[in-house]
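User: Could you walk me through this structure? I would like to start with the strands.
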Amino acid sequence: MVFLTIFTYVALIGFVVLSAYKAYQYAKMPMHSRFELYPVPKEAGGIGDEERYHYGGSFYEEYEWHKKPRKVSHLSEIIDMLKEMLFIKILFVNNQRQWWLCYAMHLGFYVLFAWTACSFLGAVGQLVGFTVNATTGGWGTILYYITFLLGISGAILVAVGSIGMVLKRKKDAVLRKYTNPQDYFNLLFIFAVAVSGLVVWVTDPFFNYGREIFKALLTFSPIEPSIANETALAVHIVLLGLLLLYIPMTKMSHYVGKYFVFHEVIWSNDPNLKGTKTGEKVRKALQYKPKRTWSAPHISVDPRSDEAK
Amino acid sequence: MSCKDVKPQDLGKKTSEPLCTVEKLMPLPPPYDKPGMEPDFRPLKDSWKEDYCATLDGFIGVDTLKRPKTKEEEEEMIKKFLSGVDKLLSEDTNRSWIQPLMISFEYCAKCNTCSEACHIFKSSGEMEIYRPIFRSEAFRKIVTKYKKGNSFLAKFMGGDIDINIETVLRLGELAYRCNLCRRCAQTCPLGLDNGLMAKEIRKIFSMEMGIAPKPLHESGTMKQLKTGSSTGITKDAFLDLIEFLEDDIEEYTGKRYKIPIDKKGADILLIHNAGEFMAWPQNPMAFAILFEEAGLNWTMCSDDFIGYDNVNYGIWYDDVQARRIGVAQKKAAQKLGVKRIVVGECGHSHRAYMISTDRMVAPEDNIPVESCFPLMLEILKSGSIRIDPSRNNFPVTLHDPCNYVRSMGIVKPQREILKMIAPKFREMTPNGVHNYCCGGGGGFAIMNSFNFEDFRNKISSRMKFHQIVEAFQDTIEDKSIPKYVCAPCSNCKGALRDILEFYDATEKFNVHYDGLVELILNAMPFEKPFLHFLRDEEDEF
Ligand code: SF4
Ligand code: SF4
């Protein structure tokens with residue numbers, strides 16, 4: 001099935017390119033008004049023993065802040081980011097009821113990334129002559145079993161998380177009210193991909209097909225499973241590929257949005273001072289002349305002008 | 001239909017009755033848990049219903065949002081609204097906000113985490129229309145419907161709403177049921193901001209349709225741009241007020257200070273919310289005494305249009321007005337050649353000066369702006385003034401204004417000061433960056449048309465009142481003990497003045513409010529107490 005090899009390439013490249021395009025669209029937006037929101041995790045120093053990022057303080061607490069060097073902790077920012085990326089911390093803290101299923105699904109994605117990486121490694125290993133199987137022993141066998149564990153747990157987590165969220169949305173009167181057909185569709189799409197993967201797994205319990213896909217991709221040859229059911233695998237690959245192409249075009253691309261909202265908006269608190277990068281960016285941004293204006297009467301006539309008086 | 005069943009799509013429903021009305025408000029703690037402890041809502045008048053939009057919740061906040069009388073007027077209004085939607089979503093016409101707006105617009109997962117954080121939603125007894133995502137989701141639906149029409153794709157993506165005159169009117173009112181406090185945004189796993197969405201919707205109405213509450217626009221920013229202050233105080237009136245203050249200060253301290261005005265090249269330009277001179281003159285008076293006693297090189301500004309009023313209501317509803325005022329204010333300071341600006345006890349103007357207008361002028365024209373709190377702490381720590389904390393020996397709690405706490409991270413200086421001057425200081429719960437809004441945020445403190453005061457006092461300020469009563473549970477019923485809510489912000493003081501009066505808390509339970517500098521002054525060893533509720537009649541000044 002050469003088609004599947006080509007399609008998989010298209011889907012993978014498409015996912016990366018479309019996600020990058022999404023990021024580019026946000027990145028090229030003009031500099032906006034400051035709109036930070038505390039706590040900002042990079043804010044270090046502070047009055048007393050407590051660091052500012054603990055209680056939500058900022059450099060504005062400092063007397064004559066503009067004459068003093070900024071105290072910034074990149075470590076604290078990284079720790080905060082990791083907590084959010086790995087554990088969806090904000091949701092856990094504020095809404096544990098939603099967190100379980102949501103986290104199950106996201107953890108499932110992470111586990112499946114790891115599965116993908118292991119399958120890739122296994123494929124490369126096999127191509128260069130290593131044996132990756134259940135019996136030979138050594139690294140090949142360890143990788144074989146790790147791949148199995150990651151694959152099965154990831155698929156189950158994603159399936160349970162996604163369908164669980166659909167059911168929860170259906171059952172909860174408030175959530176139901178705010179859920180659009182597309183929101184259900186997105187979750188069901190993910191569920192379908194996970195289930196189709198599990199169907200393939202039934203025919204190939206140790207996920208040999210993962211390595212076989214990568215071997216086909218690396219050698220530009222048709223995807224031909226040795227154990228897995230061919231039709232089931234084809235369905236799974238097509239569904240997964242379509243999902244990868246679809247995600248960046250929807251709000252499921254929040255991995256992009258989240259970066260911008262935190263780094264460009266709510267943690268972005270550098271003041272506009274002479275001789276700083278931010279200052280220069282502001283100077284440039286101020287040169288823009290809008291092509292259209294708003295239409296309310298007070299917009300075109302400045303109340304301070306002679307015309308208004 | 002019960003309020004619980006109302007959906008964002010219902011904004012477009014043609015009804016003559018409100019979509020949602022109060023059923024059961026959040027209970028208040030003792031002694032306010034007993035019946036008869038709070039006044040009822042005032043009934044809605046028929047004439048109001050005819051002319052304005054009372055079909056959202058029965059409150060009218062926007063006194064310029066008039067019902068169109070003819071079909072043509074209706075169509076014209078909807079057309080203007082939609083052209084405002086276009087401009088809001090355009091990089092060309094909404095440059096300064098397009099990035100944060102689009103992120104909040106695009107990514108909501110409808111997880112409903114934000115609802116629990118919103119004091120308006122909780123205080124109202126969880127009225128559906130006040131749920132933070134209700135407004136945002138209605139707006140998303142409107143945009144999707146407008147952009148994608150009646151197509152299958154529109155419905156698939158949630159564009160299942162009618163865009164008619166009711167939708168527009170109700171959305172216009174709904175934009176003013178949010179204090180823009182951003183507490184909900186702190187809890188959003190995606191960092192989205194329903195307060196921002198409310199403010200952006202307000203912009204469509206003001207900047208495209210010319211509709212904004214009169215207290216914010218006509219007698220707010222417009223008046224400020226015309227006369228120099230939203231209070232209407234002109235330069236001459238300001239100079240007279242300063243003289244009165246000097247007289248009052250002399251009477252209180254026994255010393256004649258000359259309040260420096262327009263002192264070229266001063267180290268500090270102190271700017272107040274001009275409302276303080278009218279409603280709470282003790283605040284600028286306390287600043288003047290403190291600064292003079294500490295020997296600072298400071299001045300106030302009477303020059304140019306805006307130098308003596310630090311307010312900028314534009315940040316709540318209209319970018320153009322915000323920019324006009326912000327730039328004029330910074331120019332006034334520049335003309336005076338001061339080294340830095342210090343913002344007095346006004347929350348929104350802290351944010352307007354230091355955050356919202358920070359990127360409106362070139363860096364070399366952006367005179368550094370500081371908050372008054374680190375400066376006050378510095379003065380106390382320097383030992384240049386004497387303090388006797390026992391003069392403040394009564395329960396004190398602190399209200400954290402959202403604008404400089406949650407949105408600016410100024411949390412500790414005020415607390416350090418209180419630790420030095422108020423032995424019975426106790427925190428409210430929650431506090432700091434997780435505080436609740438006073439209920440007057442986003443312009444509500446000055447919006448009093450029709451029955452909007454009832455919405456503020458009974459709903460948007462309810463959580464704050466709840467917190468105050470909780471903070472003083474140990475002494476609330478002992479009328480002999482004065483209790484002090486320290487609210488270092490002009491707008492918050494406005495909202496607090498109203499709730500303490502509305503719930504009769506001063507009269508019944510001896511609960512008072514004022515700023516922080518007044519409490520510092522009260523701890524300074526002058527002969528008479530500075531706080532009015534500690535003074536005898538003969539001590540009045
Ligand atoms: S918490 Fe954020 S993502 Fe969740 S419903 Fe509220 S705005 Fe949407
Ligand atoms: S900004 Fe404040 S008032 Fe507005 S929805 Fe959020 S929590 Fe509620």
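Analyst: Two strands count as paired if DSSP finds at least two bridges between them; strands (E, at least two residues) and helices (H or I, at least four) are DSSP runs numbered from the N terminus. This is a predicted model, in which local features need pLDDT of at least 70 and side-chain atom pairs pLDDT 80 or more, while totals for chains, interfaces and linings use all residues. Residues are numbered from 1 along each chain as its sequence is written, chains are lettered from A and ligands numbered from 1 in the order written, and side-chain values use heavy atoms, without hydrogens and water.

User: Which residue is the bridge partner of Val396(B) in β6(B)?
Analyst: Phe425(B). Strand β5 (residues 396-398) of chain B runs parallel to β6(B), and two bridges join them.

User: What is the strand order in the open sheet?
Analyst: The order is β6-β5-β7-β8 in chain B, with parallel pairing. β6 (425-426) and β8 (511-514) of chain B are the edges; each has a single partner strand, so one side of each lacks a neighbour in the sheet.

User: Now the helices: at what angle do α2(B) and α7(B) cross?
Analyst: The axes of α2 (residues 71-88) and α7 (residues 165-174) of chain B cross at roughly 55° and come within 9 Å; axes are lines fitted to C-alpha atoms over the stretch in contact, with angles from 0 to 180 degrees between N-to-C directions.

User: Which residues of α2(B) meet α7(B)?
Analyst: Glu74(B), Met77(B), Ile78(B) and Phe81(B) meet Ile165(B), Val168(B), Leu169(B) and Leu171(B) of α7(B), contact being heavy atoms within 4.5 Å.
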